[in-house]
Amino acid sequence: MVRFAISAALLAGLQGATCISVPLEPRQDSPAYLDSSLSPKDRAADLLKRMTWEEKVGQLGGVRRTLGRTNGTATFNRTAFDITHKTQNGQIGLGSQYNYAKDVLPIVNQLRAEQVNSTRLGIPYVTIADSINSMWVSGGTLFPGAVSMASSWNLDLYEQVVTAIRDENHAIGVNWVLSPELDVAYDPRNGRNGEMFGEDTYLISEFGTRYVQTMQAKDENGFVKIATTIKHWVYGRGNGGVNRASMAGGINHIMNDLAAPYIKVIKGANPLSLMVSYSSVDRVPMSINRYMIQDVLRGILGFKGLIMSDANSIEYTVTESKVSLSKSDAAQKTLRAGLEHELSPGGSGLYPTLIDFANNTEIVNLVDKSVLALLEIKFTTGVFDNPLPSTENMESTLRNDRHLEVNRNISRESIVLLKNDGMLPLQKSNVSKVAVVGAYADMVNAGMYAACNATDPAYGDSLRRSLAKKLGDENVLYAKGVDALPSNDSSGIDVAVAAAREAGLAIVMLGSGYGTFDLSELNNRRTDGEGFAHADLGFPGLQQQLLDAVLDTGVPTILVMSSGQTFVLNESTMRSKAILHSWLSGEFTGDALVEILFGEVNPSGKLTVTMPQANGAFPVAYDYLPSDDQGGFGTATLYDWQWPQVTRYAPLRFGFGLSYTTFEISPPVASSVVACGGNVTVNATVTNTGKVAGKEVVQLYFRPEHSIIEFPVMKLIRFTKVDLEPGETKDVSLSVPHSELGYYVNGEWNVDSGNYTFWVGSSSRTEDLHQLNVTLSQ
């Protein structure tokens, strides 16, 4: 096997190019598929009829790990690439996250050019990459994680973020992203909650719709800039919170609790593709679940786009769930179920085995349908027509001033203040020194899908470095205390305690998980991320002991959390004078935290997931069913769990977040009777009654008095974020069509007439809500 680093000489012809055009070889004819005036569907149909069976099967997969990385250098294994490319050549990926875009683009451009100029029909790759809070490779703007940005509750600002991420992806030739994730963060044990927007289906729908609409905006020539992939159909409630674990079925549960974001995003934004999950639903793996793919997704939801596997999920039907007899059997079963494209990062895809079925009419027809779906995406995104991306455009697009400013703004609004005993904001004149404690205080914990080396300052400033910029290096006493990963080494706790005592003020930053998909960072000590679930919702390792030791000194202590997950905050932890959750970091999260700590920015983030009160006291999402809140018998019904004594109603609930100012939302006003087919319009005023400017999120919830099937105690249906100066009042009007106030019963949408309760307020907490009743007439 030949393995070599890409040398400067090899790329000399590409490095200085301003734009690399990829003309097709001269032809005697003028095939219709090269006519950009035709529709993508017509062009795809024309090309399909010209393709050989081998060319068709090759389009069903691709080379995902194009580039590796060795000793800090981008590497390209030509032998391995050619082996995979021979049978899987529909799409191409970028490889290692730690490679920088400036090194990746020339290499991938050369491969793109080879594909067009050296193949019979000149069918280009479509370039696919994951993209949650950044490009897949390094060198772009690093935004906070999905759960972080959703905590801003600011859809317009999030749209600006997605615009920046889209343009940076486009600048390196990415045509198709494997985002957004529309899964519901319902189980706090799930290690992937940081990739999700939250626990509420409406909020997920709103952020997901903005992502798809913005990514799939068209360029000046009418081509979709970047195709999107909604995922994972369906996922989020795996047994025990484990990543690839099975899930319960039931059509009412699926349609109302899991599919709701997909339904809205499909109808409102027309995503071009969808990825199935790893889960078995009702014991049928999603990769072969014809009922869920054909009957529900295609039938009830009406999804028209391409359906793909998750990474290696076709192979897992052989090796894990054992529902396929062989690789060939798995390929046939998944194709028949409706999977039209295979993702196989390691290059060991199973769809190449379909080459043996050229005489099987059913398989041939299904392959044709699958290839058409992929070709339509290629024509829709302009990969046949647009030139390859240039180095100059990449350099002017990545990390430009506009993108960096948007990043700072979303970072500021993504942090949630959960407790403040008058400690914050700090006054710089009163802070001579500060002890900064915890491993997470000296890293950028951005999540697995972010191109970020957590401990490399090139990827952003940690809280420690940001504080040093504010106060001076000599005034920031840093003590790691204990390892971020589980360890029995407590020798650093005494050093942290001494630093806290010397400074007289401590900021402790605790968290879970860090790192990417780099093989050096995938190990059994990892504590969060894909494939790393939590049986214990406390702080991993000895971090709780570290915090307790600092708190025991009596030194005023601020706790900052860093993770994609929620944590159980025990009584000892609640001794902290102030508590913030910064979620998954972007490159400016450290700076944003300092701005909030010192009052330069007023925190405005709100929880999109409820914080559980105890290990085992979950699910604890705010929108539980009424019967979920009935624990004991007779007079013993005060608690849902008797040891410890807690209820579904958790204090740190969905929608909650504190500010340095105070807001007053007036009792809402709405028509008491609304005709069927009309709108329920709820009006209220919100006033900043404090002394500093701030942002408040006005939230509208509802539930029918009676329903055919059990309906949650309340559901979010509208929200808006309002910016107010001290003493300022603004009117807020939230309007909901009657048709949205329903739910699915056996796959059919049902809207009841009768009495409805609506709540307006600043969170889902009872004390933060005003109630009103509306009757929907028949």
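User: Is S491 buried or exposed?
Analyst: S491 counts as exposed, because its relative accessibility is 55% and the cut-off for exposed is over 50%. Keep in mind that this is a predicted model.

User: Where is S491 found?
Analyst: S491 is in the loop between β15 (476-479) and α18 (493-503).

User: And what does the side chain of S491 make a polar contact with?
Analyst: With the side chain of D489, at 2.7 Å. Also, G481 is ten residues away from S491 in sequence, with 7.5 Å between their C-alpha atoms.

User: Which residues is S277 in contact with, leaving aside neighbours within four places in sequence?
Analyst: H232, W233, V234, Y235 and M286. As for V234, its backbone oxygen is 2.5 Å from a polar side-chain atom of S277.

User: Switching to strands: what is the order in the open sheet of four strands?
Analyst: The order is β2-β5-β6-β7, with parallel pairing.

User: Which strands stand at the edges?
Analyst: β2 (62-63) and β7 (176-177). Each has a single partner strand, so one side of each has no neighbour in the sheet.

User: How many bridges join β6 to β7?
Analyst: Two, and β6 (residues 126-129) runs parallel to β7.

User: Which residue in β7 stands opposite A129?
Analyst: That's V177.

Terms used: Residues are numbered from 1 along each chain as its sequence is written. This is a predicted model: local features need pLDDT of at least 70, side-chain atom pairs count only at pLDDT 80 or more; totals for chains, interfaces and linings use all residues. Side-chain values use heavy atoms; hydrogens and water are left out. A polar contact is a pair of N or O atoms within 3.5 Å; within protein, one must be able to donate a hydrogen and the other to accept it, and residues adjacent in sequence count only if both atoms are side-chain atoms. Contact means heavy atoms within 4.5 Å. Buried means under 20% relative accessible area, exposed over 50%, partly exposed in between (1.4 Å probe, protein chains only). Two strands pair if DSSP finds at least two bridges between them.
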